[in-house]
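Let's take a walk through this fold, starting with the whole chain and ending at its surface. Keep the viewer open as you read.

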Amino acid sequence: MAVQKILYDCDPGHDDAVALMLAAGSPELELLGVTIVAGNQTLDNTGRNACHVLQWLGREEIPVYTGCERPMVRDRVTAGDIHGETGLDGPVFPPLRKRPEPEHAVRFLVRTLMSSQGDVTVVTSGPMTNLAMALRMEPAAAEKIRRIVLMGGSYTNGNVTPAAEFNILADPEAAHVCFTAGRPVTMIGLDVTRKVLCYPEIVERMARADTCASRLFVDLMGHFCRTQKEVFGWEGGPLHDPVTIASLLDPALVVTKPMNVRIDLSHGESYGRTNCDAFGYLGLPATADVAVDIDVPRFWDIIETGLRRYSETGKQA
């Protein structure tokens, strides 16, 4: 498989942190930069969390850029009930040396895309504010995006309201901009990510890898799985965000179906819903490939492989 160039936009977040481990440690991917948005927690926290994770992994050379601290239109929301006061409660990190770059994430996205050959995949696992603002700032950047792969939405039920998933609800207007940018979109929503529940036996399996990454994984899942059980009643937390990166590493991992997808911007009860025309009722062209199934054992194999790619103390093995 040819090396894929990616930009990863996220709001760490426990599951974002695991996705970052995969992205930073996979030789199949060239991680051009990590852009940070407010979402699971405030921008100060999510930026700090990304730096903590990369420093812990010994990948301090990967640049981090902080971006938008609030949505394009709506009021800011966070997910403190799941991710805690820091957005990454659980692990105890050493003093932080790594700092975000001074350039704003939106400007970095525009600059990187415009200087590319149109071969960059943009992966988002938080609110899509940074990418949407980049597309508004420089519309020509859209043509430079090979594909947008996002964790967000659902063609069935939400996880914050009956209708809406958190990442889309946190900035529906931004999602609308990205879905209507005219680029290929792969939407990986709750319909598949709720199938990859991190049960205790999974945590025990990953602990046996005994690398710096696997130890961080165990610490992350201690908090994440506990809060998921408190809020949703599950025995294992769904590892939403890493499915995006895993799907790039193994294109056969996720089954998708082309659908016309529209974001509900009504500010009513269904605000932020991804209205996915799964059966083609509207007769409109498909605007996204929507994930409908996932090979769960294969997913956990990818996670384990990713964790084992690091040494015991940091850096890749």
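What follows goes from overall shape to packing, then to salt bridges and a surface patch.

One thing to keep in mind is that this is a predicted model. The protein chain has twelve helices and eleven strands. Its radius of gyration is 18 Å, close to the 20 Å that the globule rule gives for 317 residues, so the chain is as compact as a globular protein of that length. Along the principal axes, the C-alpha atoms fill a box of roughly 55 × 45 × 40 Å. Of the 317 residues, 59% are buried. If you look at contacts with a sequence separation of 6 or more, 83% of them join residues 24 or more positions apart.

Now for the inside. The largest nonpolar core has 60 residues, and the members touching the most others are Phe217, Met221, Phe299 and Trp300. There is also a second, separate core of 36 residues, with Ala141, Phe179, Val185 and Met187 among them. Back to tryptophan 300: beyond its neighbours within four places in sequence, it contacts Val196, Leu197, Cys198, Ile202, Arg205, Met206, Phe217 and Leu239.

With a relative accessible area of 1%, proline 12 is buried. Setting aside residues up to four places away in sequence, proline 12 touches Ile36, Thr46, Asn49, Ala50 and Gly87. From proline 12 to tryptophan 300 is 288 residues in sequence and 20 Å in space, C-alpha to C-alpha.

On to the charges: the structure holds 13 salt bridges. In one of them, the side chains of aspartate 119 and lysine 5 meet at 3.4 Å, N to O. That pair links distant parts of the chain, with aspartate 119 in the loop between H4 and E4, lysine 5 in strand E1, and 114 residues separating them. Aspartate 119 is partly exposed at 28% relative accessible area, and lysine 5 is partly exposed at 29%.

Another bridge joins glutamate 28 and arginine 309, at 3.0 Å, N to O. Glutamate 28 sits in the loop between H1 and E2 and arginine 309 in the segment after helix H12 (296-308), so this pair ties together parts 281 residues apart in sequence.

Then there's aspartate 301 with arginine 205, a salt bridge at 2.6 Å, N to O. Here helix H12 supplies aspartate 301 and helix H9 (residues 200-207) supplies arginine 205, 96 residues apart. Aspartate 301 is partly exposed, at 41% relative accessibility. A network of salt bridges links Arg205, Asp301, Glu304 and Arg308. Notice that Arg205 is also one of the contacts of tryptophan 300.

Finally, the surface. Phe279, Tyr281, Leu282 and Leu284 form a nonpolar patch there, with about 510 Å² of accessible area together. Is tyrosine 281 buried or exposed? Tyrosine 281 counts as exposed, because its relative accessibility is 69%. You'll find tyrosine 281 in the loop between strand E10 (274-277) and strand E11 (288-294).

Definitions and conventions: Residues numbered from 1 in each chain as written. Predicted model: local features only at pLDDT ≥ 70, side-chain atom pairs only at ≥ 80, totals over all residues. Heavy atoms only, no water. Patch = residues over 30% accessible without salt bridge, like charges linked within 9 Å, V, L, I, M, F, W, Y side chains within 5 Å. Areas by Shrake-Rupley, 256 points an atom, 1.4 Å probe, with all protein chains shown as cover. Salt bridge = Lys/Arg side-chain N within 4 Å of Asp/Glu carboxyl O. Helix = DSSP H or I, 4+ residues; strand = E, 2+ residues; numbered from the N terminus. Buried < 20%, exposed > 50% of the residue type's maximum accessible area, 1.4 Å probe, protein only. Core = buried A, V, L, I, M, F, W, Y, C linked by side-chain atoms within 4.5 Å. Contact = heavy atoms within 4.5 Å. Rg over C-alpha atoms; globule rule 2.2 N^0.38 Å.
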